[in-house]
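Here is a short report on one model.

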Amino acid sequence: MDISIHPLTQNPTAAWKELSKTQRVIKVTMKPPQTGVAFNKARVVCMSDTHSLTPYIKFDIPDGDIFIHSGDFTKCGLLKEVKEFNNWIGTLPHRYKIVIAGNHELSFDQSFTHPFQNKTLTERTKHTGMSILDDLPTLGNAKEDIVEAIQTPNIRDVLTNCTYIQDELLDVWGIRIYGTPWQPEFCNWAFNIPRGQPCLDKWNQIPSDIDILITHTPPLGHGDLCCSGVRAGCVELLNSIQKRIKPKYHVFGHIHEGYGITSDGRVIYVNASTCDINYLPNNSPIVFDVTLPPGMRKD
């Protein structure tokens, strides 16, 4: 099924005002499981947006079969931040640990659209007298850290204690899991693409009928409401999910204040942001069980 570009794609708040007239948004409360997982199910534990603050987490990470982190595990993608995250995730007991990047993982974006890609710091300074970083929001990071992050080679190789996926499909006991880091432009950081066709081109790569979709960005209308009252989600992602992809679960983060679970009656949407709006890691992991396909076993 072909998904068309919504006429209000550039204004998600206005787009949701129109779409919400026919959309269902059901708030879901999921209590942490009190019993062990059934033999024919896999327990999934979800977190996101930990921003190098895992040493300050005060809650226990629930045990499970599959651990998912949907991006922004660092502040800007520094090598030391990635190493610290890799060491932390290595302590978790889950058999499968699946990670995608977010807009803060600058060092993971090989198609980075900032001037770093085309001109070196020396060239820009020589010709204009300005640093290329003058055009880039630092989001609280030191400019030196951002330069260092961008120049780190082969950063994916550092993640030895998990499976990093980027526009890739995994099969775990017959459970089909797809992960992608892209999101509509936000401060021109990593994996940012313009709303509309560029976003839709990425969503068109997602196969249909998967069980769990992992993105960094929320879809429009679910876990995407900012404290300012603005909607940050992607309308093309929402349409792709509801009309073509049809996953059982959609796990994401990015908008900290959107933490929680909603449903449209068919798909369960999980904003697993660990950090709250004040960048404090206060939000507990979200846990759910997925039924294995008939005949599949967790061997």
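The report below takes these topics in turn.

This is a predicted model, in which local features need pLDDT of at least 70, side-chain atom pairs count only at pLDDT 80 or more, and totals for chains, interfaces and linings use all residues. Residues are numbered from 1 along each chain as its sequence is written, and side-chain values use heavy atoms, with hydrogens and water left out.

**Helix α6**

Helix α6 spans residues 235-245. Helices are DSSP runs of H or I with at least four residues, strands are E runs of at least two, and both are numbered from the N terminus. Nine of the 11 residues in α6 are buried. Buried means under 20% relative accessible area, exposed means over 50%, and partly exposed lies in between, with a 1.4 Å probe and protein chains only. The buried set is Val235, Glu236, Leu237, Leu238, Asn239, Ser240, Ile241, Arg244 and Ile245. Contact here means heavy atoms within 4.5 Å. Just after α6, Lys246 takes a positive phi of about 50°.

**Cysteines**

How many disulfides are there? The count is zero, where a disulfide is a pair of cysteine sulfur atoms within 2.5 Å. Cys199 is in no disulfide, and its nearest cysteine sulfur, that of Cys234, is 4.4 Å away.

| Residue | Relative accessible area | Class |
|---|---|---|
| Cys46 | 0% | buried |
| Cys199 | 0% | buried |
| Cys234 | 1% | buried |

Cys46 is found in strand β2 (residues 41-47). Leaving aside neighbours within four places in sequence, Cys46 contacts Ile68, Val251, Ala272, Pro285, Ile286 and Phe288. Lys143 is 97 residues from Cys46 along the chain, and their C-alpha atoms are separated by 31 Å.

**Cavity**

A search of the whole structure finds one cavity of 30 Å³ or more. A cavity is a set of points, on a 1 Å grid over the protein atoms alone, where a 1.4 Å probe fits but cannot get out; lining residues have an atom within 4 Å of a point. The largest cavity holds about 50 Å³. Its lining is Thr50, Ser52, Thr54, Pro55, Phe73, Glu81, Glu84 and Phe85. By class, that lining has three nonpolar, three polar and two charged residues.

Technical notes: 1 Å grid on protein atoms, 1.4 Å probe; cavity = no way out; pocket = protein on both sides within 12 Å on 5 of 7 lines; lining within 4 Å. Points joined across faces, edges and corners; volume = space filled by probe spheres on them. Nonpolar A, V, L, I, M, F, W, Y, C, P; charged D, E, K, R; others polar.
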